[in-house]
Amino acid sequence: MKIHPVPFKALGGLYEQDDIKAAMGVITDASKPTGSFFPLPEELDFQNALAAHEGASYAVAVNSCGTALDLCMMTLGIKPGDEVITTPLTFVCTATCAAARGAKVVFADIDPVTMNLDPEQVRAKITDRTRAIIPVHYTGLACDVDAFDKITGDTDIPVVYDAAHALGTLYEGKPVGGRGKASCYSFQSTKNITTLGEGGAVSTNDGEFAEAIRQKKTFGYVYGPSLRVVTIGFNYRMTKAQYAVGLTQIAKVDRIIAARQQRMVRMNELLANVEEIICPAGHGPGHGSHLYVARLATDKVKFTTAQLRDHLKEAYQVGTGKHYPVVWSWEAFANIDHDKSNCSVAEKVSQQVFSLPIFPDTPFEDLDYIAWAVRESIAALRQ
Ligand SMILES: Cc1ncc(COP(=O)(O)O)c(C=O)c1O
């Protein structure tokens, strides 16, 4: 095969003429005498479309998923002395949102097949100080939300899902956005849709919770005949241009996910017979298909995943990602109170994972090329 670049792109979705037109419309309107970039509180179209798509009663748009998680922790009243349980295999802010409130971050282990937080491991870490649980629908594969509902039913501990990968994810055929206390989405550039590079949202079925998030995201305001400031708040708003592009993006998200899904299912077929590779579980209908995370079966080889990734890049120009090092390995955790005991599955899996460059517009010939490069690289490193 002809060697050519297949980068791990920074744009995860499709940004097309309708999106450009929507953004330009806001920019043009803003220059008119009555125009502005300020998203008026009554501009609910994007938030309503998102809530409907995700099966939730409410969606509140904010400027990132990190912000969404922070606001959820604040709204739950997480404070020093509390404990929050999460997965080690995630982006750093899933854990630091709890640490930022002064809480201890308690890591529980993941399921070795789905790579999602294991509800039984979570139960083993619950104490009388546990105040929240934050599972991640990792790569877009739904967590065992019924099992987490049961934990809340048994203990009253709220579950906030990190749904950064999970726009469009289904659990038993239904969207996950209305499950638990809330779900936090990301529309940052690499995600399946983007609101001009940054953006996020909280979805929930709890009207009071949604209102509290709404107030905190905009200086504690309550709009009415006269403006009131009712709580400590911040400016975590999206701009009007982001709302406009959010609407055109959400209108096409099912097409984006279907295109990703088709390609990820195909990659599983292409790598099925490579015995050194553990293909990701769950790809197909209902998978949000944000990431294709393969694993190197490190027990069967004498080289590391880092060596395989380097070889793919240097010999074949195939870019890969790593999702993720275990969270506590970031140096900030030297100063963050946390418990990382009994997480041996996550530790091993984080040494094995590498993400392949699969996007909604990846040509099918490139899938063949990537799979070939993986096989060739393994053969070369085995020497
Ligand atoms: C699992 C997870 N949570 C949270 C985030 C943070 O999202 P944002 O960049 O929108 O703050 C990311 C971003 O990559 C993520 O992958």
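Predicted model: local features only at pLDDT ≥ 70, side-chain atom pairs only at ≥ 80, totals over all residues.

Q: Okay, how many residues surround the ligand, and which are the closest?

A: There are 15 residues around the ligand, and Gly66, Asp162, Ser186, Lys191 and Tyr324 are the closest.

Q: What does the side chain of Tyr324 do there?

A: One of its polar side-chain atoms lies 2.8 Å from an oxygen atom of the ligand. The backbone gets involved too: a polar backbone atom of Gly66 is 2.8 Å from a ligand oxygen, and a backbone N or O atom of Cys65 lies 2.9 Å from an oxygen of the ligand.

Q: And how much of the ligand's accessible area does the protein cover?

A: On its own the ligand has 390 Å² of accessible area, and the protein covers 89% of that.

Q: What kind of space is the ligand in?

A: The space it takes is the largest pocket. Two elements each give two or more residues to the shell around the ligand: α3 (65-75) and α4 (93-99).

Q: What's the shell made of, by class?

A: It has 8 polar, 5 nonpolar and 2 charged residues.

Q: Switching topic: how many salt bridges are there?

A: The count comes to 22 salt bridges. One of them joins the side chains of Arg131 and Asp82, at 3.7 Å from N to O.

Q: Where do those two sit?

A: Arg131 is in strand β4 (residues 130-134), while Asp82 is in the loop between α3 and β2 (83-86), so the pair ties together parts that are 49 residues apart in sequence.

Note on methods:
Residues numbered from 1 in each chain as written. Heavy atoms only, no water. Near = heavy atom within 4 Å. Polar contact = N/O pair within 3.5 Å; in protein donor to acceptor, adjacent residues only side chain to side chain. Areas by Shrake-Rupley, 256 points an atom, 1.4 Å probe, with all protein chains shown as cover. 1 Å grid on protein atoms, 1.4 Å probe; cavity = no way out; pocket = protein on both sides within 12 Å on 5 of 7 lines; lining within 4 Å. Sits in = over half its atoms within 2 Å of the grid points. Helix = DSSP H or I, 4+ residues; strand = E, 2+ residues; numbered from the N terminus. Nonpolar A, V, L, I, M, F, W, Y, C, P; charged D, E, K, R; others polar. Salt bridge = Lys/Arg side-chain N within 4 Å of Asp/Glu carboxyl O.
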